[in-house]
Amino acid sequence: DAGSVAGSMQGGMLPLDRLGCVVTVMDFPFDGDGIRRTLGEVMQRFGTLGQPLKMIKGRTGRFNAIVEMQTPEQASRLVQGLDGASYNGEILRAMAAVPQNGGEGRQDF
């Protein structure tokens, strides 16, 4: 039902209980195969990726990496490990997705 799903990274639906597994790592100056590969390898140190890493261009023109980890615990470890970390001289910001409106209804992130 509509109360148990959220918009996913691919425009489909994601069960709300999986939403806590989604992590966004922000502020990459560019996107490319090398950065995706390296970042994906780093993320795998914190757990299993439930979906391949996606890079999305933000409103500022910089890129955000979005990934679904296998469990919320792995997502939490990823956030703790990457938030404030340096990558090629850039300070990263990482955060887990959280449903708005108390998790009720369809949520976009």
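1. Ala-65 touches Val-23, Thr-24, Val-25, Phe-28, Leu-39, Met-43, Leu-53, Lys-54 and Met-55, leaving aside residues up to four places away in sequence. A contact here is a pair of heavy atoms within 4.5 Å. The model is predicted: local features need a pLDDT of at least 70, side-chain atom pairs count only at pLDDT 80 or more, and totals for chains, interfaces and linings use all residues. Residues are numbered from 1 along each chain as its sequence is written, and side-chain values use heavy atoms, with hydrogens and water left out.

2. Ala-65 is also among the residues with the most contacts inside the largest nonpolar core, together with Val-25, Phe-28, Met-43, Val-67 and Leu-82; this core has 21 residues. Strand E3 (22-28), helix H2 (33-44), strand E5 (63-68) and helix H3 (72-82) each give two or more residues to the core. A nonpolar core is a set of buried Ala, Val, Leu, Ile, Met, Phe, Trp, Tyr and Cys residues joined through side-chain atoms within 4.5 Å. Buried means under 20% relative accessible area, exposed over 50%, and partly exposed in between (1.4 Å probe, protein chains only). Helices (H or I, at least four residues) and strands (E, at least two) are DSSP runs numbered from the N terminus. In soluble globular proteins, nonpolar side chains tend to be buried together.

3. Which residues of H3 are buried? They are Gln-74, Ala-75, Leu-78, Val-79 and Leu-82. Seen down the axis of H3, these buried residues fall within an arc of 140°, so they line one face of the helix; the arc is that of the directions from the helix axis to the C-beta atoms. An α-helix has 3.6 residues a turn, so residues three or four places apart point the same way. The cover over the buried residues of H3 includes E3, H2, E5 and strand E8 (93-96). Glu-73 and Gln-80, on the other side of H3, are exposed.

4. The count of aromatic pairs comes to 1. Phe-28 and Tyr-87 form this pair, edge-to-face, at 5.8 Å centre to centre and 75° between the planes. Phe-28 in strand E3 and Tyr-87 in strand E6 (residues 86-87) are 59 residues apart, and the pair links distant parts of the chain. The rule takes rings of Phe, Tyr and Trp (its six-membered ring) whose centres lie within 6.5 Å; planes under 30 degrees apart count as stacked, over 60 as edge-to-face and the rest as tilted. Phe-28 is buried at 1% relative accessibility, and Tyr-87 is buried at 15%.

5. Glu-68 lies in strand E5 and is buried, with a relative accessible area of 6%. The Glu-68 side chain makes a polar contact with the side chain of Gln-51 (3.0 Å). A polar contact is a pair of N or O atoms within 3.5 Å; within protein, one must be able to donate a hydrogen and the other to accept it, and residues adjacent in sequence count only if both atoms are side-chain atoms.

6. Asp-27, a residue other than glycine, has a positive phi, near 80°; Asp-27 is in strand E3. Asn-88 also has a positive phi, about 50°.

7. The protein chain averages a pLDDT (the predictor's confidence in each residue, from 0 to 100) of 79, and 72% of the residues score at least 70. Over residues 1-11 the pLDDT is below 50. It also stays under 50 over residues 102-109.
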